[in-house]
Amino acid sequence: EQIDADETRLREMKQGAREMSSTLAMRIALTQDAPPERVLAAIENILPAGARLDGITLQYGDALAVTFMVVARRPEIYDVFLERMESSSSFTDLSFGAESRDGEIRVSIDAAYLGGGRS
């Protein structure tokens, strides 16, 4: 009975190690496929003149989660940015935070980076 329990536990540990190794390999591949420079370039391609990136966080996991802050000088510039962002093939799962319209327009965006695409 103890031997069976030990063998079951050993199988579970081996399976956990395989899963952890697979997850690590996936994260390494994602980091190689989506280095920070490539993600920044994708965002810069979307930003119209009069808008700027004011901060960014990249979270590498099963996918690449991106959180960034955009500042636009005027509402029309912000509207162009929104259109470009929503039609971009580089990002999905967009979630826009509350807008601050104190002079400039500021908004925080959460997205998943798909890479490869052009906006």
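Here are a few questions and answers about a predicted model.

User: Is V107 buried or exposed?

Analyst: Let's start with where V107 sits, which is strand β4, spanning residues 105-113. Buried means under 20% relative accessible area. V107 has a relative accessible area of 0%, so V107 is buried.

User: Which residues does V107 touch, not counting those up to four places away in sequence?

Analyst: One of them is M69, and the C-alpha atoms of V107 and M69 are separated by 5.7 Å. Those two are 38 residues apart along the chain. Leaving out residues up to four places away in sequence, V107 touches F68, M69, V70, Y78, F96, G97, A98 and E99.

User: Is D93 buried or exposed?

Analyst: D93 belongs to strand β3, residues 91-96. Its backbone has a positive phi of about 55 degrees, although D93 is not a glycine. As for accessibility, exposed means over 50%. D93 has a relative accessible area of 60%, so D93 counts as exposed.

User: What about E1, buried or exposed?

Analyst: E1 lies in the segment before α1, the helix covering 2-33. The cut-off for exposed is over 50% relative accessible area. E1 comes in at 87% relative accessibility, so E1 is exposed.

How values were computed:
Residues are numbered from 1 along each chain as its sequence is written. This is a predicted model: local features need pLDDT of at least 70, side-chain atom pairs count only at pLDDT 80 or more; totals for chains, interfaces and linings use all residues. Side-chain values use heavy atoms; hydrogens and water are left out. Helices (H or I, at least four residues) and strands (E, at least two) are DSSP runs, numbered from the N terminus. Buried means under 20% relative accessible area, exposed over 50%, partly exposed in between (1.4 Å probe, protein chains only). Contact means heavy atoms within 4.5 Å.
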